[in-house]
Amino acid sequence: MRKLMNKVVFGLNAIAAFALLLSFLLPYVSPKTFPLLSVLSLAVPILIVINIIFLLYWVIQLNKKVSLSLIVLILGITHVSSLYKLSGKSSSSFENSFSLLSYNVRSFNRFDWIDSKSIPQDVSTLITKQSADIFCAQEFYNNPDINFSQYPYKYENFNNDNGELALVIFSKFPIIKKGSLQFKETANNIIFSDIRVEDDTIRVYNVHLQSHKISSTTNQLAKADSQKLLSRIRVSFEKQQEQIELLIAHMKKSPYRNIVMGDFNNTAYSYVYNKVKSEGLLDTFKEAGRGFGKTYEFDLFPVRIDFILVDEDFETLEFRNFKEKLSDHYPIFTRIKL
């Protein structure tokens, strides 16, 4: 009986291991070429956890079949480290450094998604307390109860018909140039500011890539029409590729060191993340973060879809996640220096 059970378990293990192995190709496969394969990038955290469970199952039995998931997980060690970091990093000296914060504020709970009337004030308090030198906000809404007066410089851009939601770059340092990539037929966008930091100038991009418009709860996902859901995700992945190609072309013309941060609406296992990061950028979570690095509220598993990517000339001194549930996203904070 046990032998039969182990055969069944190993068969399932082989499927999970093959799926995870296949996912290692995702960062290099264009969504326009294989759109449905790209959808697998959303399931990579689950595949990693499933393979770890199979690994533990065979370890407990001292069975040599443990090698299957072990080899696949070793081959994908960079995938595993994108999901969970055992130890972080924190420097005792912040001399000549500056800090960055990114947060999709979800229009400050404008439509009461969260049962609280104090969300705008709570977000203001959080931002004031962290006192980041540069703060990038996505889905920003001009609520009368917010107060970001600590930032003397601001670039606000609306890329939608109703002119209500914006991308904003707040800065304690002077903004000497600003602009927008101005995506067509979508409220999503990428904006940039050239910011004078002491004796240097950096270019900061605030990113909000195409949204999938899917529910973050398992109950709602289960009710959704799977064919329509896959079709919607496929279209959004293709749009994300187009948007990221515009960003990379713009970055290549930048005369300064680039910093890219914001809501990618995709994971660290995706083509769009890999393409941007391959432009000489470092993921500050992977450099100095710890734990799951969760940035988005999702029922099934911790999701990291918000990033702060910095030029490889920068050293990441610290990285922090937050647990305050004031949006469907969580803010991320990092401190860097040349």
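Visitor: In strand S2, which residue is the bridge partner of Leu-100?

Guide: Strands here are DSSP runs of E with at least two residues, and helices are runs of H or I with at least four, numbered from the N terminus. Two strands pair if DSSP finds at least two bridges between them. In this case the bridge partner of Leu-100 in S2 is Ile-134. The model is predicted: local features need pLDDT of at least 70, side-chain atom pairs count only at pLDDT 80 or more, and totals for chains, interfaces and linings use all residues. Residues are numbered from 1 along each chain as its sequence is written, and side-chain values use heavy atoms, with hydrogens and water left out.

Visitor: In what sense do S1 and S2 pair, and how many bridges join S2 to S4?

Guide: Strand S1 (residues 98–104) pairs with S2 in the parallel sense over five bridges. S2 and strand S4 (residues 165–171) run antiparallel and are joined by six bridges. Ile-134 has Ser-171 opposite in S4.

Visitor: How many residues of S2 are buried?

Guide: Buried means under 20% relative accessible area, exposed means over 50%, and partly exposed lies in between (1.4 Å probe, protein chains only). In strand S2 (residues 134–141), six of the eight residues are buried, so the strand is largely enclosed by the rest of the structure.

Visitor: Which residues touch the most other members of the largest nonpolar core?

Guide: In soluble globular proteins, nonpolar side chains tend to be buried together. A nonpolar core is a set of buried Ala, Val, Leu, Ile, Met, Phe, Trp, Tyr and Cys residues joined through side-chain atoms within 4.5 Å. The largest one has 24 residues, and Phe-98, Leu-100, Ile-134, Ile-195, Ile-202, Val-204 and Ile-259 touch the most other members. Its largest share, three residues, comes from strand S6 (residues 189–197). A second, separate core of 22 residues includes Phe-140, Phe-148, Tyr-151 and Leu-326.

Visitor: What is the strand order in the open sheet of six strands?

Guide: The order is S5-S6-S7-S8-S10-S9, with mixed pairing. Strands S5 (175–180) and S9 (281–283) stand at the edges with a single partner strand each, so one side of each is left without a neighbour in the sheet. Neighbouring strands are turned by 20 degrees against each other on average, direction ignored. S9 pairs with strand S10 (residues 306–311) in the antiparallel sense over three bridges, and Leu-282 stands opposite Val-310 in S10.

Visitor: Is Asp-283 buried or exposed?

Guide: Asp-283, which lies in strand S9, is buried, with a relative accessible area of 2%. A polar contact is a pair of N or O atoms within 3.5 Å; within protein, one must be able to donate a hydrogen and the other to accept it, and residues adjacent in sequence count only if both atoms are side-chain atoms. The side chain of Asp-283 makes such a contact with the side chain of Tyr-273 (2.6 Å).

Visitor: At what angle do the axes of H3 and H4 cross?

Guide: Two packed helices are described by the angle between their axes and the distance between the axes. Axes are lines fitted to C-alpha atoms, for helices over the stretch in contact (heavy atoms within 4.5 Å), and angles run from 0 to 180 degrees between N-to-C directions. Helix H3 (residues 44–60) and helix H4 (residues 66–75) have axes that come within 8 Å and cross at roughly 145 degrees. Among the residues that meet are Trp-58 in H3 and Leu-70 in H4.
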